[in-house]
Amino acid sequence: MQGIKKLFKEKLYKYKPEGITLRWIMNILGVIAVFFICCFLLASVSIKNYYYSNVESILNSGASSTAVSYFSANLDAGATLEQCAAEFIDSFSYKEKTTTWIIDNDGEVITSSSGFAIEKQEMPDYDEALISESGKSKFIGKLDSGEKVMAVCRVIKNSDGDILGAVRVLSSMELVDKQVHNIVFVIFVGLLFVFALIVFSNLFFIRSIIIPVKEIEEITKKISQGDYSERIEKKYNDEIGNLCDSINTMAEEISSADKMKNDFISTISHELRTPLTSIKGWGETLTLTSDDSVDELTRKGLQVIVKEAGRLEGFVEELLDFSRLQSGRMNLRLAKTDIFAELDETVFTFRERAMREGIEVKYSIPDVPAAANADANRLKQVFMNILDNALKYSRAPSKIFVKAEFTKLDSGNFAKIAIADQGCGISKEDLPHVKEKFYKANVSVRGSGIGLAVTNEIVNLHGGRLEIDSKEGKGTLVTIYLPIENAPSENQLQDISKNQADAEIDRGMEMKG
């Protein structure tokens, strides 16, 4: 039993009412619910009216014009009201279902079919019958005893039209109301059962659409994120099944096209690498071996060849890294590495180039090593890519700030490297996409749009994370967190902070917020 309940909950309540399900509940179920409520109210009123009208017809038969004629004829013949009342009550067909009162001119009940004396009490129907043209009135309400009754009262007149009294026939409505309530309750339960049956049958039908659509949505999200191996299981031979087939076919075609693209990029990159290496090598050789007899134009031409060949070589390396990233072949050669030492070496190499372009590099790196199991060459690639981006988007005269420190996160000890520039910055619209492949926030700046995606992947492979914050027109701050084996103690950290504190660098970092 528990297993059935668990399965029911998993299948029926797997998803919260939203989307198509919510619209169905609001529209279809809303209409059905209103229809059922109207039917219930109409049935309740009809049943009550039916039973009440039956009671009223019985009461009318006792307080009919025939009964009044009977009293008038006997009274004119000299009989008393009490004598007429006794004979009338004995001859009344519904005396077991009703109570008959004979009332005199003073409003006193002189005879009752119940046999009990009736104390004088309020009788709205009697008062109304006295002034009514028809001489008749009906009352539904409670007696002084609290019992709910229906009463019909008709005045008794003699042949001269003088009012001599009245006949009042009453029936208790307690049993009638109880019967009406029971029938209404049965109708309510029946309608509720039918409504529940409609809801659950339709809910299962809706789920048979919603659940496959949700599964399709999840798979298509994975496909859109680059996982082309995902396929949707076809469960139905209908429109949803055809949609599954179409998406699976699309995924296969995209996967095939993506593989063809990656193979093409890999092949072209390898084919370009060899001639570029030769061009750069021979260009450097000719530049170094050229003597004073070589004219200045030729010398500058050789320098341009070497520079542009180097730039193309870097672009080819990015394409190769991208190909490895796409095919999952980007592997790390892990070894014992000092992250801060690799950063210091990269900054030292980069600093001369930045100075030639009018950009000053300010940096603060602790003297304490940050030991980690990492790929030194890939880390240098990460640092160089970020520094290169900072330089590309900066304009002289400006500064680039580099600060390294130890930090603790929930997952352990980390080395934190922050690199900030005073360049053009990145807009809010572009910022969420800058780590995507081939995305360029500023098309006016050279670059393939691959470097940052490769950098982010290398950091992720090291178990770290890369964060980018930027303000358009002020600059960009890139923060790298890389896990390390051990961190200095709190006292050592305080000493390092004191020794390495640089107010200008801190201001440069804080500027990005």
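Tutor: Strand S4 (residues 148-157) and strand S5 (residues 163-172) run antiparallel and are joined by nine bridges. Helices (H or I, at least four residues) and strands (E, at least two) are DSSP runs, numbered from the N terminus. Two strands count as paired if DSSP finds at least two bridges between them. Within this pair, valine 152 stands opposite valine 169 in S5.

A word on the source. This is a predicted model, in which local features need pLDDT of at least 70 and side-chain atom pairs count only at pLDDT 80 or more, while totals for chains, interfaces and linings use all residues. Residues are numbered from 1 along each chain as its sequence is written, and side-chain values use heavy atoms, with hydrogens and water left out.

Now the whole sheet. It is open, with five strands in the order S2-S1-S5-S4-S3 and antiparallel pairing. Strand S2 (109-112) and strand S3 (136-142) are at the edges; each has a single partner strand, so one side of each is left without a neighbour in the sheet. From one strand to the next, the twist averages 20 degrees.

Look closely at serine 171. This residue lies in strand S5. Serine 171 is buried, at 10% relative accessible area. Buried means under 20% relative accessible area, exposed over 50%, partly exposed in between (1.4 Å probe, protein chains only). Leaving out residues up to four places away in sequence, serine 171 touches Val55, Leu59, Lys97, Thr98, Lys148, Val149 and Met150. Contact here means heavy atoms within 4.5 Å.

Helix H4 (residues 81-91) lies across S1, S2, S4 and S5, at about 165 degrees to S1. For these angles, axes are lines fitted to C-alpha atoms, for helices over the stretch in contact, and angles run from 0 to 180 degrees between N-to-C directions.

Finally, H3 itself. Helix H3 (residues 65-76) has twelve residues. Its buried residues are Ala67, Val68, Phe71, Ser72 and Leu75. They cover an arc of only 135 degrees around the axis, which puts them on the same side of H3. The arc is taken from the directions from the helix axis to the C-beta atoms. An α-helix has 3.6 residues a turn, so residues three or four places apart point the same way.

Definitions and conventions: The expected span of a helix is 1.5 Å times one less than its number of residues.
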